[in-house]
Amino acid sequence: MNDAAANAIRPELAADEHLLWTGVPASSVTFHKEDLYLVPFSLLWGGFAIFWECGVLGVWGAAGAHRGPPTFMALFGVPFVVIGQYLIWGRFVVAAWKKRRTYFGVTNRRAIVVQEGWTWKTASAFLDALPAFTKERGANGLGTLRFGPEVAARFNTGWQAWDSMSVGDAPIFRDIADVDGLYQLVSQQRER
């Protein structure tokens, strides 16, 4: 039981619920299977955006023929460079910030995620009504439990695909140290 997680989750409990397990995500940087396509894409995006800006600003001598860089084209590329930097390394900084503010809990009835980020977000799922319950374990020993269909988690829309610690409709316990023990605990609760 993690005290900070228990304190964050207690206000979300119903009268007949009690906590069986609480935890927080591991603070280390963890790569997930979706990073197999996110990392190459982010490097291509960010690399091209920087290449564009360097070309427009005349880093290779091309701007001298125009008497300085074209202002519109130089400003046009700035948002793409900023987005590229977020995709390459900023998303890992955001994930680390959110990990320090994310709490997981399992009660006798539900799986609950509470996140105290820019806004207070909560997601929960009743254990006896779960359509799916999956476990992933990485080579580093950390794992992920998904309390809902994995298909929905794969096709996040918008920026959620680039934010591994975002709280969506179904709870996801990411980067858990004892994922096997927690999986057994939840399985036992589902049988009851």
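Biologist: Is Phe48 buried or exposed?
Modeller: Exposed. This is a predicted model, by the way. Phe48 has 52% relative accessibility, and the cut-off for exposed is over 50%, so it counts as exposed.

Biologist: How far apart are the ring centres of Phe48 and Phe51?
Modeller: The centres are 6.5 Å apart. The planes sit at 35 degrees, so the pair is tilted.

Biologist: And where are those two in the chain?
Modeller: In helix α2, residues 35–57. Phe48 and Phe51 are 3 residues apart, so about one helical turn separates them.

Biologist: What about Phe133 and Phe147: why do they count as stacked?
Modeller: Their planes are at 25 degrees, and stacked needs under 30 degrees, so they qualify. Their ring centres are 5.3 Å apart.

Biologist: Which parts of the chain does that pair link?
Modeller: Distant ones, 14 residues apart. Phe133 is in the loop between β4 and β5. Phe147 is in the loop between β6 and α4.

Biologist: Are Phe133 and Phe147 buried or exposed?
Modeller: Phe133 is buried, and so is Phe147. Ring pairs also link them into a cluster with Trp21, Phe104, Phe173 and Tyr183.

Biologist: New topic. Which charged residue lies over the face of Tyr183?
Modeller: Lys135, at 4.8 Å from the ring centre. Likewise, Arg110 lies over the face of Phe126, at 5.9 Å.

Biologist: Now the largest nonpolar core. How many residues are in it?
Modeller: It has 17 residues. Phe147 and Val186 are among those that touch the most other members. The largest share, 3 residues, comes from α5.

Biologist: What does Val186 touch?
Modeller: Val106, Leu127, Phe133 and Phe147, leaving out residues up to four places away in sequence.

Definitions and conventions: Residues are numbered from 1 along each chain as its sequence is written. This is a predicted model: local features need pLDDT of at least 70, side-chain atom pairs count only at pLDDT 80 or more; totals for chains, interfaces and linings use all residues. Side-chain values use heavy atoms; hydrogens and water are left out. A nonpolar core is a set of buried Ala, Val, Leu, Ile, Met, Phe, Trp, Tyr and Cys residues joined through side-chain atoms within 4.5 Å. Buried means under 20% relative accessible area, exposed over 50%, partly exposed in between (1.4 Å probe, protein chains only). Helices (H or I, at least four residues) and strands (E, at least two) are DSSP runs, numbered from the N terminus. Contact means heavy atoms within 4.5 Å. Rings of Phe, Tyr and Trp (its six-membered ring) pair if their centres lie within 6.5 Å; planes under 30 degrees apart count as stacked, over 60 as edge-to-face and the rest as tilted. A charge sits over a ring if NZ of Lys or CZ of Arg is within 6 Å of the ring centre and within 35 degrees of the ring normal.
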